[in-house]
Amino acid sequence: MKRVDVAIVGGGPAGTAAAREAALAGADALLVEKGVPRNDREELGPDSTDAAGMLDYWVDILDIPFEEIPDDVVLRTLDRTEFYGPNESCVMENTGIESSYDEGFGFTFHRARMDDWFRERAETAGAEYRVGVSVTDVESDLTGGHTHRLVLSDGEEVEAEYLVLADGPQRQVTMRVLDRLTPDDRPISAVLSPDRANHIAYQEYREFPEELFDPEALKFWWGVMPGETAYPWIFPNDGTVARVGLTMPIGMDIDAVADREKYDLLRPEDDRIPRGGEYIERLLEREYGDEYDLADFPLVEDRGKSGGTETYPISSTRPIDSPTKAGIAVVGGAMGTTSAFHEGGYHVAARTGKIAGELAATGRLEAYNDRWKDAIGEEILRNVTFADLVSDYRPDDWDRTFSMASDILADEGEGRLLKYRLSSGIRGAKLVTKYKMTKRKYRNGKYVQFREDDYEV
């Protein structure tokens, strides 16, 4: 049986950051990744599907100097985000949060290349990255310490003192491991099951007419499709290729949609929630149909997972603590660090993985839950607060308060941004008050939905 100090399940940003940090600290680290083929990657790698945008201050949360990121990873430098409601819109040109990144508002990047670079960094540090094999089971022995035996799909078994669970929003291994450490009447799968705790995202790579392609802006539409934090987007890539995608809850019933006639991307004849591809076609027709046909936005079939398209899960739940006394850390999307409110969780995933890898390698994992809150707590607090604030919004709500709500993304700079952007009067004051009250509800780590003392360890 192979024995290592730290075993990591999952080879995305959280897992590779954990593996690199553990190896740098002198630990024998093994990362296991089942491997997903992509049209835009030569080798197997993690499920690298993401809209892949990075705001300025996210670079500091990522904790990697921008100058170290390879040039072929960065696709576009951004100067703004444009938000559109059914009839109203606003533009954000500054997040309002100080950042070491001074190139602009942020940038878009090639997710698969970024993941491959993270893998290279981990292997250069001395970690073993094993791809093409999955973890079928984990048995934990907590008598007199903690030891974890991983059973791999090829029949091999691996024993590790510490276990880092980084299997992303699908959480198949994470739920299996943690359910054994949680009460029968409140298993971890009750709060982390993907069909209840995730949104689904779909995107297409499309070539835009040159005169329509905007290389410096992220574009989001709110209130045009039903569902809590459901929205389409356009992200610029290289050339005149953009990713056109959407996020929506899983398993929506169109008969349960109130005021369905107010959603621009629904049709009276719809007898079900439209497929992702239908939504995208309707968005393009809505925005450009007066002068252009869908044929003017052809799919770029050598991108993405298959034929220029891809579907992937996004964690849309609040995060959990890890059972560190059992020698286990849950990181990234597996622990619920991402949010359906915004497109992007790379920075928080990588940062939690980095913290977990370092602490596991040095035998100090019990500090993990405090350390990740110190590093990304404010970001989680912002996301959870805003998602809560707009959870019951309908199209008219977005039109009435859109410019006000979008600016609440910023925390340190919220006073300046709100003063600058919010319309004066009672409506603006009410929104700011509601935001602050909602945020207060989640302060001091109350955004965590499963705490460490909830485990039976």
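**Briefing: packing and backbone features of a predicted model**

At 2% relative accessibility, Asp-115 counts as buried (under 20% relative accessible area; over 50% is exposed and in between is partly exposed, with a 1.4 Å probe and protein chains only). This is a predicted model, in which local features need pLDDT of at least 70, side-chain atom pairs count only at pLDDT 80 or more, and totals for chains, interfaces and linings use all residues. Residues are numbered from 1 along each chain as its sequence is written, and side-chain values use heavy atoms, with hydrogens and water left out.

**Confidence**

- The average pLDDT of the chain is 90, and 92% of the residues score at least 70; pLDDT is the predictor's confidence in each residue, from 0 to 100.
- Over residues 405-425, pLDDT stays under 50.
- For residues 405-425 the model has 54 contacts beyond four places in sequence, a contact being heavy atoms within 4.5 Å.
- Where pLDDT is low, the predicted coordinates should not be read in detail.

**Nonpolar cores**

- The largest nonpolar core has 108 residues; a nonpolar core is a set of buried Ala, Val, Leu, Ile, Met, Phe, Trp, Tyr and Cys residues joined through side-chain atoms within 4.5 Å.
- Leu-178 and Tyr-368 have the most contacts inside this core.
- Neighbours within four places in sequence aside, Leu-178 contacts Leu-165, Ile-188, Ile-320, Pro-323, Ile-328, Val-330 and Tyr-455.
- Another core, of 25 residues, lies apart from the largest one; Phe-208, Ile-234, Ala-242 and Val-257 are among its members.

**Helices H1 and H8**

- Helix H1 (residues 13-24) packs against helix H8 (residues 346-361) at an angle of about 30°, and their axes are 7 Å apart.
- H1 is therefore roughly parallel to H8, as angles under 35 degrees count as roughly parallel, over 145 as roughly antiparallel, 65 to 115 as roughly perpendicular and the rest as oblique.
- Axes are lines fitted to C-alpha atoms, for helices over the stretch in contact, and angles run from 0 to 180 degrees between N-to-C directions.
- Helices (H or I, at least four residues) and strands (E, at least two) are DSSP runs, numbered from the N terminus.
- The H1 side of the contact consists of Pro-13, Ala-14, Ala-17, Ala-18, Glu-21 and Ala-22.

**Asp-115**

- Asp-115 is placed in helix H3 (residues 111-125).
- Not counting residues up to four places away in sequence, Asp-115 touches Pro-13, Arg-41, Pro-46, Ser-48 and Tyr-346.

- Met-92, in strand E6 (residues 89-92), is buried, with a relative accessible area of 2%.
- Gly-145 lies in the loop between strand E9 (135-141) and strand E10 (147-152) and is partly exposed, at 38% relative accessibility.
- Gly-145 and Ala-326 are 181 residues apart along the chain, and their C-alpha atoms are separated by 7.6 Å.

- Asp-63 has a positive phi, near 65°, and is found in the loop between helix H2 (58-62) and strand E4 (74-78).
- At 34% relative accessibility, Asp-63 is partly exposed.
- Arg-171, also not a glycine, has a positive phi of about 55°.
- Arg-171 sits in the loop between strand E11 (157-165) and helix H4 (172-179), and is buried at 0% relative accessibility.
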